Amino acid sequence: MPTETIFQKILKHEVPSEVVYEDDGALAFMDIVPNARGHVLVIPKGETGENLTDTDETAMAPVWRAVHHIAPRIIEAVEAAGFNVIMNNGHAAGQRVFSPHVHIVPRFDGDGLEPWPKIERSVEEIAADAVIIRAALKE
Ligand code: 5GP
């Protein structure tokens with residue numbers, strides 16, 4: 001049995017959190033080290049693995065539904081101009097808590113949060129990547 005993550009403990013109310021929304025399938029609470037004012041995390045209540053790769057879509061569906069419902073309202077509440085919805089999957093992607101979770105990060109004009117840098121990839125290389133990905137998606 002793997003060690004419980006902090007989010008699993010939050011779900012069981014064993015660790016305190018600032019819950020802002022809850023329904024049958026999802027719980028949303030404030031990120032304790034936010035990237036922006038109003039940064040909220042949304043987690044599934046059902047059985048999960050570590051991230052999107054090993055979690056059933058039926059467990060994640062309530063999370064996406066909750067994000068759709070609450071993100072515009074959070075943005076209005078903190079008077080943001082937009083928001084990012086982010087899910088880090090795997091250590092290389094910046095995942096640090098290994099339970100699936102989706103970030104809602106409010107964005108403010110001129111907030112200085114830089115987007116990811118672009119990489120150099122030729123049209124031919126992109127086409128070759130597409131071939132590999134299409135083949136993988138047919139498996
Ligand atoms: P990750 O990098 O795994 O996608 O994001 C984990 C997020 O969880 C981070 O933004 C971090 O600030 C937040 N976090 C880590 N520990 C806690 C905690 O104990 N409580 C809350 N509310 N957020 C946490």
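Guide: Happy to! Let's begin with Phe7, which is buried at a relative accessible area of 9%; buried means under 20%, exposed over 50% and partly exposed in between, using a 1.4 Å probe and protein chains only. Phe29 is buried too, with a relative accessibility of 2%. Please keep in mind that this model is predicted, so local features need pLDDT of at least 70, side-chain atom pairs count only at pLDDT 80 or more, and totals for chains, interfaces and linings use all residues. Residues are numbered from 1 along each chain as its sequence is written, and side-chain values use heavy atoms, leaving out hydrogens and water.

Rings of Phe, Tyr and Trp (its six-membered ring) pair if their centres lie within 6.5 Å, and planes under 30 degrees apart are stacked, over 60 edge-to-face and the rest tilted. By this rule there is one aromatic pair. The ring centres of Phe7 and Phe29 are 5.4 Å apart and their planes stand at 70 degrees, so the pair is edge-to-face. Because Phe7 sits in helix H1 (residues 6-11) and Phe29 in strand E2 (residues 26-30), the pair ties together parts that are 22 residues apart in sequence.

Now step back to the whole protein. There are three helices and five strands, found as DSSP runs (helices H or I, at least four residues; strands E, at least two) and numbered from the N terminus. Along the sequence they follow the pattern α-β-β-β-α-β-β-α. The protein has 139 residues, and 32% of them count as buried. Its C-alpha trace spans about 50 × 45 × 25 Å along the principal axes.
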